[in-house]
Structure formats: C-alpha cells, structure tokens
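Student: I have just opened this structure and would like to learn how to read it. Could you walk me through a few features?

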Amino acid sequence: MSDAPQKDQAPQGLGKNAANYGDREFAFYLRRSFAASMGYTRDALSRTTVGVVDTASDLNNCHRSVPDLIDAVKRGVMLSGGLPLAFPTVSLCEPVLSPCSMHYRNLMALDTEAMVAAQPLDSVVLIGGCDKTVPAQLMAAISADVPAVMVVTGPMSANRYQGERLAACTDCRRYWARYRAGDVSEARINEVENALAVTAGTCGVMGTASTMACLAATLGFMPLAGASAPAVHADRLRIAEEAGRLATGLKRRPSEIVTWKSVENAMRVLLALGGSTNAIVHLAAIAGRAGVKVDLKRLDEMSDETPVLVDLKPTGEGYMEDFHFAGGMRALLWELRDLLHLDTVDVHGLTLAERIGDGGHFVDRTYIKARENPVTPVGGLVTLYGSLAPDGAILKRSAATPALFEHEAECMVFDGVEDLALRIDDENLPVDANTIMILKNAGPLSPAGMPEAGYLPIPRKLARQGVKDMVRMSDCRMSGTAFGTVVLHISPEAAAGGPLALVESGDRVRLSVKERKLDLLVDEAVLAARRAAWKAPAKPKRGWDRLVFEQVNQAPEGADLRFLTADGQ
C-alpha cells in the first residue's frame, strides 16, 4: 500500500526527503494526498522525479524565454518516462539589482542548494542565463551533490541598425562612451537605446553570461552546443528537451565532474575565449565548493601558452551567434585538444575526447581561428602581484591598450562608488590621460557588494579631448562586455584593510604587465602612519548584508561565503 522506501531500498522519487512526523508511512501518505490534489495519478507519482529550476522573473529580461525552456525540458523528461517538477528560486538580473547582482549570487546559490537538497528529486535541470545565475546554480549543484544538467537561455541575436550590427552590452558601452565624449547626440543615444537588445537572451557578445555558459559546457554540465545556440533559435528548445532526457535517470553527481582537471580545462577555455574577468571569481567559487583551488599563478602560466582563438567582442569583432554557427565549442576545443585533459567526463559519462569528436566538424575561421593564426598569441588574462596587490589582481590584456601595459604615474583615488559618481565629471578634477584612476572600497566586503564599477568612465573633460582609454584600478569587477586597461579584483580589498585602503590621490603607482607587477610607490613609514589611522568599515545591522559581511571571502577564493565552501573556512 505504501510507496515509502523499504529498508533494503535506496529511496527515489517521491520516496526521498520526507518530513519526519514520527510515522514514516504517514509522511508518504500525506505527501501523496497533497500531490493528488494537483491531479497526479499514482503512476505519475511512482516515476523518477526530475526537478526543473525555474528562474523566470518579470524583472529579468535575460530569462523571458524560461517558460518555453521549462516546457521543452518537461517534454524531454516525460518522453524518457520521468516526472518533471518545476519549482522557483531566486532569479538575478544585473541591471535591476541594488547594490549589484554579485551581492546576491551567494543568496541564489544558498536558496537553490537548499531546495535541490531538501525536495524529493532524483536529479535536476538548472535553467540559468544572466551571468550570476549560472555560477550560483553550479555552486548549489555541487554542494547539494544531486545529479544536475545545465540549460542556459542562450545569447540574444544581434540587431541590424543603420548599417551596423548591435547587441548588448559592448555596443552599449561603446555608444555611451561616444555620447559622453559629445560624438553622439541625445536624440541618437535615445534611439540606440531601443536597438541594442531586441530579442530574448543574454548579452550577445563574449561577456560573463556567454563565458560562463562555455565554461559550464567545458566542465561537463551540458552538451557543447548548449553553450552558444541563440536564445531565439529552435535549437535552443531542442537542447532543453535533450537536457530533460539526459537528466532522467541520471546518476553521475557534480562532485564526480568538478575535478582539478576539469577546472583546469575551464581555465584554458576561458583564456582561449578572451572571456570575462568575472569568470575567474565565479570559477574559483564553483571549484571551491568541490574542494578544488583556482591557482592564479597557474592561470598566468597557462595564459602565456594559450592563444586567444575566438574573435568576438569585446576582444574582437563578432557576436555569439557568429561563434555558434562557426562551429562553437566543439571547434574551439578541437583547436585546444593537445592542451586539455581529455579524460575528464561529463554528466553522462562521456570523456572530453569523445565529446570533441574526430575533427570532422565544420569551422568558420572568421570567428574561430587556427592555432597558427590566433587573434592574439597569448591568453586574454594575466595575474598581477606586488605591494598594491599582495594576493593578486587581474588584467584582461586582450581588451586593453598595449601602450599602457608598462605605466607609472600619479593616481586619482575615488573612495567608493558614490564618490566616483559625484566627482568623475568635475571639470576641475586634476587628471589627464596619464593619470591612473583608482576606485577603492568597492569589493565583496563593502556596501557596494563588488559591482561592475571597475570600468571607471573616462572623465567627460578627457573624453571630449579624444581620450579612449586610461589605466584604471579597483577592488571590484567590470562587465565581461567591457574593454580598456583595467586592473580588477585587487586583493586584499580596501574594506579588508589591504594596501589599497592606504592609497591616496597623488601617490605614484606602477603597472608592469611584462613583470606581472602592481606596486604602490610610497615610503613604508608613510604607509605605516596611514595604516595606524585606518578604520575598518562598520558592520551592517541585519539580514543578508550582515551575513555577507561576516562570511564573504576575497576575490581569489571566489567571493563565496566561507561556511558554504567545501572546507567551511
């Protein structure tokens, strides 16, 4: 009479994770009774259960296709004999959250982990898209260690506008910089506003969302084509249906997939993509849930032997739809095959070698270059260390100005994002094209929550003079769609009392990409006096802000909450 698991059976489906009322059979009787109220039959309730994580939200434009993807996933599950059960979780969208979406990535991960682990699910399909959602879901899946398949909403399609192609958000930034410089009128910028993002999907360039999709596929959480198929293409629905099929009866756990080898493969792919700097923080957090460390020095070594092969904005010229139709991840991984650990396995047990195939795929060299003809001969990212960044900082050299790679100058310091907003366009701001602009108190511990403010705007007075790039530094992040000579994730951050906290306007700072150095050229006695006068930021009074303040770790460790990491430290 009862569907409760017997003592010699491993629980599955609705036989998992029942509330404990002191009467085991009653718990399952009650569960079936409530499920029956939704019209399920006994046959349906006896099937393998596949959870479908629903991140649709009226506040998340990147996820407006999620309802269609859920329908397709459910179809795949039912075609394979399973019972799909969709449930909502936190949904994050970069443009609409205050202080920024990064501040809530770990909240989404915590919510998703709890719901995946606590409910009667044999496996799950994670539907993400906007850039913080994918790492949050992968972090959650690893910690819950329930078999999981990833589906992303996919990139938007580029729009045709007055003889050029546009897609968020590299083109957003390019037009806005021209507007600030006076090259674009207010009427035109208002017109462009409605031409930048015209379909469903995530940013159409190799920004953080697309980078994380590619890394999720490399790690083995979804089919390779799932990383790049456009959001509005029929393939995207077929990929979602296949995810439902894959998830039904899936046994391989995330802890078996995320290994030091698969993480190193993801690091290699990140470099070859010319991908987002944000991916380093996210990958460190994902790996940290599995007890694997992302070594920034190893990343730097790999960068010098890994060429950028994908010619997409912001590093190159193309869009994600071009990458997909040029051969996508299979073509890229084939080019990198001698640099990869080909014995890593995906959720279905296929090795990376089997997933890449025999080289018989199509490739368009316009967008995916051969090794002998790369976009750049070295990887897109470098790690910097020195007296200003004892624990490291990141520079995306593939999107920077080589003439600024070796640069020493006086700095202009902004003490937080509010100070930046108040003073950046002051006509009397004492800066020129040579000045190094520094933003501090914007890291994970700060009230700003590590926003994408590291791409400090060129002061309007300099933009009008034609200045396109300057050296900029901060303890926060920048959008993966951004470009420029920008040093990010300086660690320890200012709010943690790192050397960045002691920098003042007029100090001299030296950047050397060649030497991988970032140094504050101030006498130690002066710094000692400043250190003695420094005061730690006040602890938030309550809620999520306080939990973050008490638990968040630094950027090299992924800016995760310490008690959620594999070692809890």
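Tutor: Gladly! Let us begin with a term: a residue is called buried when its relative accessible area is under 20%. Keep in mind that this is a predicted model.

Student: Which residues are buried in α5?

Tutor: In α5 the buried residues are Thr133, Val134, Pro135, Ala136, Gln137, Leu138, Met139, Ala140, Ala141, Ile142 and Ala144. Eleven of the twelve residues of this helix are buried, so α5 is largely enclosed by the rest of the structure.

Student: What does α5 lie across?

Tutor: Helix α5 (residues 133-144) lies across β1, β3 and β4, and runs at about 165° to β3. Just after the helix, Asp145 takes a positive phi of about 55°.

Student: How do I read the sheet, and in what order do its strands come?

Tutor: In general, strands of a sheet pair through backbone hydrogen bonds, in a parallel or antiparallel way. Here, four strands make an open sheet with parallel pairing, in the order β2-β1-β3-β4. At the edges are β2 (83-88) and β4 (148-152), each pairing on one side only. Look also at β1 (residues 49-54) and β3 (residues 123-128), which pair over four bridges; Gly51 has Val124 in β3 as its bridge partner.

Student: Which residues have the most contacts inside the largest nonpolar core?

Tutor: They are Ile127, Met150, Val263, Phe323, Met329, Leu332 and Phe414, in a core of 125 residues. Among the residues that Met150 touches are Val134, Gln137 and Leu138, which are buried residues of α5. Another core, of 30 residues, lies apart from the largest one and includes Ala409 and Met473.

Conventions. Residues are numbered from 1 along each chain as its sequence is written. This is a predicted model: local features need pLDDT of at least 70, side-chain atom pairs count only at pLDDT 80 or more; totals for chains, interfaces and linings use all residues. Side-chain values use heavy atoms; hydrogens and water are left out. Two strands pair if DSSP finds at least two bridges between them. Helices (H or I, at least four residues) and strands (E, at least two) are DSSP runs, numbered from the N terminus. Contact means heavy atoms within 4.5 Å. Axes are lines fitted to C-alpha atoms, for helices over the stretch in contact, and angles run from 0 to 180 degrees between N-to-C directions. A nonpolar core is a set of buried Ala, Val, Leu, Ile, Met, Phe, Trp, Tyr and Cys residues joined through side-chain atoms within 4.5 Å. Buried means under 20% relative accessible area, exposed over 50%, partly exposed in between (1.4 Å probe, protein chains only). Lists of a residue's contacts leave out its neighbours within four places in sequence.
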